[in-house]
Amino acid sequence: DESELIDRLRDEAAQDIDPEATPDVGIIMGSDSDLPVMEGAYEAFFELGFAEQTDFSNPPDERFTFESYVVSAHRTPDLMYAYADTAEARGIDVIVAGAGGKSADLPNMTASIAFPVPVVGVPVQEKSVDSVIGMPTGAPITAVDAGKSFNAALSAAQTLAREHSEVRERLVAFHEDQKAGVADVSRDLHD
Ligand code: RP5
């Protein structure tokens, strides 16, 4: 339940774990009903060779990993606070946070609490955009357009790529593949 999860996050934050053994990215979303939209983030990370890591004590073979949780700003505000507050100590380098509705506060509140860990916000619907991006000066968030969780993951990977050349190489390969795909379609149109 919520308090067990909060205790686990606090416990993990207090452990002296090699950051290479902890998830690099945290994907969080306000409700499991956000999952169909947030699937794009998982898809992008898998495409870049990331694995999902559910357990600190049992890291997968892949070097780069993400974790994911449902965290609601309004139903579980204590969990939201604990997740954001422990992110840096738990070795999370960047957070992808999605929320929907008109009060899509998970990304923006997480960005404020987790600072300086960067947050890429995903407005799950069009009506969520203002809530995700409308931050006051001094409280930054980076955000993608409504529903563009795939891009949010790419953006998060770009942040990691500044420090990890392996992630950079994977992004460059992705970009090249994408260019080739567009060029192929273009040629087909003329055939
Ligand atoms: C938001 O409320 C969530 O991010 C979700 O998009 C929306 C509706 O949640 P459910 O009522 O479907 O759980 O906080």
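This is a predicted model: local features need pLDDT of at least 70, side-chain atom pairs count only at pLDDT 80 or more; totals for chains, interfaces and linings use all residues.
Residues are numbered from 1 along each chain as its sequence is written.

Let's start with helix 2, residues 35–47. Helices here are DSSP runs (H or I, at least four residues) and strands likewise (E, at least two), numbered from the N terminus. Buried means 20 or more other C-beta atoms within 10 Å of a residue's own, exposed means 12 or fewer, and partly exposed is in between, with C-beta atoms placed from the backbone.

| Side of helix 2 | Residues |
|---|---|
| Buried | Val37, Met38, Gly40, Ala41, Ala44, Phe45 |
| Exposed | Pro36, Glu39 |

Seen down the axis of helix 2, the buried residues fall within an arc of 130 degrees (taken from the directions from the axis to the C-beta atoms), so they line one face. Just past the helix, glycine 49 has a positive phi of about 85 degrees.

What does Ala153 touch? Leaving out residues up to four places away in sequence, its contacts (C-beta atoms, placed from the backbone, within 7 Å) are Ala41, Ala44, Phe45 and Val96.

As for the ligand, its surroundings include Ser31, Asp34 and Val124 (C-beta atom, placed from the backbone, within 6 Å).

Note on methods. The expected span of a helix is 1.5 Å times one less than its number of residues. Two residues are in contact if their C-beta atoms, placed from the backbone, lie within 7 Å.
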